[in-house]
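Hi everyone, thanks for making the time today.

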Protein chains: 2
Amino acid sequence: MTLTNNTFIGEYTYSLDSKGRVNIPSKFRQTLSTDNQNTFVITRGLDSCLWVYPLVQWKEIEENLRKLSSLSSIHRAFVRNTARYATPSTYDKQGRINLTPSLISYASLKKDVLIIGMVNKMEIWDPIQLEKADKKIEKINPEEYDALSDRIIL
Amino acid sequence: MTLTNNTFIGEYTYSLDSKGRVNIPSKFRQTLSTDNQNTFVITRGLDSCLWVYPLVQWKEIEENLRKLSSLSSIHRAFVRNTARYATPSTYDKQGRINLTPSLISYASLKKDVLIIGMVNKMEIWDPIQLEKADKKIEKINPEEYDALSDRIIL
DNA sequence: TAAGATTGTGGGTAGTTGTGGGTAAAATTC
DNA sequence: GAATTTTACCCACAACTACCCACAATCTTA
C-alpha cells in the first residue's frame, strides 16, 4: 500500500552485495513509481550515513545551488561540496541501487545495511555507526531537543 | 541515465594522456547530447582549476558580459579576464576533450585528473590542488558557510 | 493449508566506457 | 613548395557496468 507521494517512513534491513548493490524497500519503490520516477540522487549525509533523494527533491536543492554566485569563494565551496558527492542512480529490475566504493567507504558500510525513511529522503546506515551517532546525541543538548518539542506537536 | 538538461553533479577520476586529452564523464556527455550539443567552452576557473561550460551556459555569461560598461576600468578588466582564456572545444568520438598546454599549466594538471559536477558547469582539478583549496576554505568564514546551510535545506 | 504472487539475493553476459596508439589531413616552418 | 610539426579522426582492447535470468524466502489469497 502506498502512503503519499515522496514520503519515506520506517526502518528496513538489507544486505550490500559484492557488486555494491542494496535493495530499496518495496514500499519506497511504490511511493516513487507513482511519480513515474525511478531516479535517485545518493550523496554523503551530514552524519556518517548516506542520503538518498528522489529526483524531485534533489532538483529543489539544485535550484537553490544555481542561485549562488561563482564569484564568491564561499559559495563556490558550498556548491562544490554539495554537488561533488552526489551520484545519480536508478534502481534495477529487482529494485536495487548501486553504491560507489567512495560512498560505501564514507558510510563505513559492511554486509548488513539499515535503510531509514526520513520523510523527504532515505538514509542508509551501517548499524554500528547509527548506534554510535545515537549515543552521541543523547549526551549533548537535551535542552535543544526539548525546544523542538515546542515547534512540533506529536 | 540522464538527469535533466545541463545538470552536472558527481566526482570522477580520469587520466590526462600525453596528447593533452581528458575524458568527459559519460553521464555528462548524455546530458549535453540532449541539447544536440557537443561544444564546450573551457576557461580558467577562479580557483586553480578549469571551468568547462556547455555552449548554452557560456552564451548566458556572454550576454551578461555585454551589459558591463567599457567606461569602468573594473568592468573592462573583468570582461577581459573572463573572455581572454576561454577556449571553445568539442569532444571526440571517445568522449574526450583537448586541453591546451596553457590551461594544463594553469590548473597544475598532472596524470590524474578530477572532474567535478558544479550543477551548471564542470570543474577540472589536480587532486592535490583541490585538497589545498578545501583546507583554505575551512579556515575562513565558517559563519558565512553555516549561513548558507540555513538558506538551503538539504 | 496450498497455490500463487511478491520480494530479496546471487551470478552470468552483452554492451558501454576509458585509455592507448596509428594514420591521414592540416598547419607551420624553412 | 618541400619538410616538419601539429591536429583531428579512427581503430583496438581491457575493464567495467547495466541488464537479464534464476531461485529461495516471504507474504497473500482463496
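Let's begin with helix H3 of chain A, residues 73-84. H3(A) has twelve residues, and from its first C-alpha to its last it reaches 16 Å, close to the 16 Å expected at 1.5 Å a residue. The expected span here is 1.5 Å times one less than the number of residues, and helices (H or I, at least four residues) and strands (E, at least two) are DSSP runs, numbered from the N terminus.

Before I go further, a word on the source: this is a predicted model, where local features need pLDDT of at least 70 and side-chain atom pairs count only at pLDDT 80 or more, while totals for chains, interfaces and linings use all residues. Residues are numbered from 1 along each chain as its sequence is written, chains are lettered from A and ligands numbered from 1 in the order in which they are written, and side-chain values use heavy atoms, with hydrogens and water left out.

Back to H3(A). How many of its twelve residues are buried? Ten of them are, so the helix is mostly covered, where buried means under 20% relative accessible area, exposed over 50% and partly exposed in between, with a 1.4 Å probe and protein chains only. Among the buried ones are Ile74(A), Phe78(A), Arg80(A) and Arg84(A).

Now to the two chains. The copies use different surfaces, as 9% of the contact residues of chain A recur in chain B, contact meaning heavy atoms within 4.5 Å.

How many residues does each chain bring to the contact? Chain A brings 34 residues and chain B brings 37 residues. About 3000 Å² is buried between chain A and chain B, with 66% of that from carbon and sulfur atoms; buried area is the accessible area (1.4 Å probe) that two parts lose on being put together, summed over both. Ile74(A), Arg80(A) and Arg84(A) supply 24% of the area that chain A buries against chain B, more than any other three residues.

On the polar side, twelve residue pairs are in polar contact between chain A and chain B, both residues at pLDDT 80 or more. A polar contact is a pair of N or O atoms within 3.5 Å; within protein, one must be able to donate a hydrogen and the other to accept it, and residues adjacent in sequence count only if both atoms are side-chain atoms. The elements giving two or more residues to the side of chain A that touches chain B include strand E3 (39-44), helix H2 (55-66) and H3. Which element gives the most? H3(A) does, with twelve residues.

A salt bridge is a side-chain nitrogen of Lys or Arg within 4 Å of a carboxyl oxygen of Asp or Glu.

Next, please look at Glu62(A), in helix H2 of chain A. Buried or exposed? Glu62(A) is buried, with a relative accessible area of 0%. Its side chain has a polar contact of 3.0 Å with that of Lys59(A). Leaving aside residues up to four places away in sequence, Glu62(A) touches Thr7(B), Ile9(B) and Val119(B).

Glu62(A) also meets Arg66(A) in a salt bridge, 3.9 Å from N to O. Both lie in helix H2 of chain A, four residues apart, about one turn of the helix. As a reminder, an α-helix has 3.6 residues a turn, so residues three or four places apart point the same way. Arg66(A) is partly exposed, at 32% relative accessible area.

A second pair crosses between chains, from Glu11(B) in strand E1 (residues 11-15) of chain B to Arg84(A) in helix H3 of chain A. Their side chains meet in a salt bridge at 2.4 Å, N to O. Glu11(B) counts as partly exposed at 30%, whereas Arg84(A) is buried at 10%.

That's my tour, and I'm happy to go back to any part of it.
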